Amino acid sequence: MAICQNDGTMPNSRRLGAGGGGIGATTSDEGAMTENPTRIAVVGAGFTGTVFAVHLLRAIDRPVEIRLYDRCGNFGRGLAYSARNPHHLLNVRVSNMSMFDDDPQHFIRWLWRNEATDGKVSDIPPSGHAFVSRATYGAYVEDVFHSAVREAEARGGTVIRAEDDVVDLAAAADGLVLRLADGQAVGADRAVLSVGNFPPSPPFPLDPALTESGRYIGDPWEAGAIDRIGPDDSVLIVGTGLTMVDVVLDLAAQGHRGPVHALSRRGLLPHRHELTRPYPSFLDEKAPPASLVQLMRLIRREVRAGAAQGYDWRSVMDAVRPIVAALWRGLSNVERRRFLRHLRPYWEVHRHRLAPSIADRIDAWRAAGRLVVGAGRIDGATFEDGQVRVIRRRRDGGSGEPMAFDWMINCSGPECDYRRIGHPLIQSLLATGLARLDPLSLGLDLTERFELVGPANRVYALGPPTRGMWWETTAVPDIRKQCACFARWLAEDIAAGA
Ligand SMILES: Cc1cc2nc3c(=O)[nH]c(=O)nc-3n(C[C@H](O)[C@H](O)[C@H](O)COP(=O)(O)OP(=O)(O)OC[C@H]3O[C@@H](n4cnc5c(N)ncnc54)[C@H](O)[C@@H]3O)c2cc1C
């Protein structure tokens, strides 16, 4: 089952929001006959919310009013692409970073054009095997958004960006009501939740002394989070994935010289990208393997067969990528849980890879002993005699090794269990039943058309909160596809006055 049929049409005759009955604007509010444009509230205007708005403006042939709310004001860029450190590079080749699935060269052309206006000679090859900074990518998203808005405004549409925190969302007799942190109430006909990733929860109950010490950094993405770390301080990073790599790059940028230890259960580091040639597709998305064992057997077989013909394993992984959602949808919840328990760490390090130049830097730091990456479990941490103290338990058992550091940073990955997210909007959506968790608590429960399961309410979700439905929902290629598909459905729906 694909996220969206290739032509973007509805998989069946049921339209978005059907069954909404009295909820939402009336037909005359939304239909072509009306003077009042449909009011669409986008909660979270980082990357996903912005890409959705661009796709909707492209897809719709009548004026709409889109209000994009973002509490941080990182419009378009969000968490990922507001990075200031120029060493934070994309972890996906530019060839796969277009905002448009149907125009894969769009970002490459933008790069060529914009580098040319700077008078620089572009070194982006036509193959797109290059990794530019995330800040550059943020500039691309912003530029495309502004062009789309200019065109839409010329056609009578309205796009409003508001730096506001949406703290509540409720169904009302004539639509939806969003409540903002300053107490203001704003009406909408449809709402799209593109709230992104939430910071990690503590990996274990925190010793109050550690919390008070300020030496535990719980949100590695918070601006200035690591500024207080002295150049010779010792640092323990919990997690060995891409966020850990980002933090190490930030430490390096502020002249850090002290020892850095990174620990995770298995101590796996993301692999590096290599220049590869495409491997032919070998899985049928209409008949995906029903079990993980079957799937892994097939992938291993292809990796062996590919190697015999000179293909790198990465080519085989990349051939799987476009149909991951179909594979995930083909597994039972029992199999999905098995994947999360046993395979997820291996999947992550093979699938989400490092730009080669970043991988070189990490290798150099490890070789010089500046970064130590290890496997082990930490069940708790205390703060004594001015240091963070932990016991590291190795996977092979043993008594545990006491370790002490000046700082501890939690890079264990975003919190996906919405019951543990304290933001008032999330709490309120769960409390009122407007939203509920997906069966694996990876995000929100949705229909295949991105509508929240619950009272038919015309509230939808895109991006990371849809992880339970599609699994791969964080990288640009997956998000742009979701946004394009949903935007086309929504445009059809609005045009039909549903
Ligand atoms: C550090 C990092 C690097 C990445 N690098 C790459 C890469 O190189 N290539 C790739 O393909 N993918 C990458 N990704 C993955 C991916 O592109 C992102 O996860 C994607 O940007 C998700 O966008 P988003 O808009 O859903 O979330 P975000 O960008 O986090 O935006 C969500 C926004 O919602 C706002 N918000 C949340 N709740 C509310 C509320 N109640 N009211 C108002 N505003 C609210 C927040 O302020 C935030 O700005 C990266 C991700 C991260 C975190």
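S441 sits in the loop between α13 (424-432) and β16 (459-461), where helices (H or I, at least four residues) and strands (E, at least two) are DSSP runs numbered from the N terminus. Its phi is near 55 degrees, a positive value in a residue other than glycine. This is a predicted model, in which local features need pLDDT of at least 70, side-chain atom pairs count only at pLDDT 80 or more, and totals for chains, interfaces and linings use all residues. Residues are numbered from 1 along each chain as its sequence is written.

- As background, most residues other than glycine have a negative phi, and most peptide bonds are trans.
- S441 counts as partly exposed because it has 14 C-beta neighbours inside 10 Å; the cut-offs are 20 or more other C-beta atoms within 10 Å for buried, 12 or fewer for exposed, and partly exposed in between, with C-beta atoms placed from the backbone.
- F450 is in the loop between α13 and β16 too, and this non-glycine residue has a positive phi of about 70 degrees.
- With 27 other C-beta atoms within 10 Å, F450 is buried.

**Overall build**

- The protein chain carries 15 helices and 16 strands.
- Its radius of gyration is 23 Å, close to the 23 Å from the globule rule for 498 residues, so the chain is as compact as a globular protein of that length. The radius is taken over C-alpha atoms, and the rule is 2.2 Å times the number of residues to the power 0.38.
- Along the principal axes, the C-alpha atoms of the protein chain fill a box of roughly 70 × 55 × 55 Å.
- Buried residues account for 38% of the 498 residues in the protein chain.
- Take the contacts in the protein chain with a separation of 6 or more: 72% of them join residues 24 or more positions apart. Two residues are in contact if their C-beta atoms, placed from the backbone, lie within 7 Å.

**Domains**

- The chain splits into domain 1 (27-89 + 133-198 + 415-495), domain 2 (208-271 + 354-410) and domain 3 (292-351), with bounds that come from an automatic or database domain assignment.
- Over C-alpha atoms, the centres of domain 1 and domain 2 are 34 Å apart.
- Where those two meet, 5 residues of domain 1 are in contact with 8 residues of domain 2.
- The side of domain 1 that touches domain 2 has 2 nonpolar, 3 polar and no charged residues. Here Ala, Val, Leu, Ile, Met, Phe, Trp, Tyr, Cys and Pro count as nonpolar, Asp, Glu, Lys and Arg as charged, and the others, Gly among them, as polar.

**Around the ligand**

- Of the 32 residues around the ligand, G44, G46, G78, G196 and G463 come nearest; a residue is near a molecule or strand if its C-beta atom, placed from the backbone, lies within 6 Å of it.

- Helix α8 (residues 292-308) has 17 residues and reaches 24 Å from first C-alpha to last, close to the expected 24 Å. The expected span is 1.5 Å times one less than the number of residues in the helix.
- Just after α8, G310 takes a positive phi of about 90 degrees.
- Helix α12 (residues 356-367) has 12 residues and reaches 16 Å from first C-alpha to last, close to the 16 Å expected.

**Residues with partners along the chain**

- H146 is in helix α5 (residues 134-154) and counts as partly exposed, with 13 C-beta neighbours inside 10 Å.
- The C-alpha atoms of H146 and V54 are separated by 9.0 Å, and the two are 92 residues apart along the chain.
- V92 lies in the loop between α3 and α4 (106-117) and is partly exposed, with 17 other C-beta atoms within 10 Å.
- Leaving out residues up to four places away in sequence, V92 touches M97, A475 and V476.
- R377 lies in strand β12 (residues 377-384) and is partly exposed, with 15 other C-beta atoms within 10 Å.
- R377 and R266 are 111 residues apart in sequence, with 8.8 Å between their C-alpha atoms.
- Not counting residues up to four places away in sequence, R377 touches R265 and R393.
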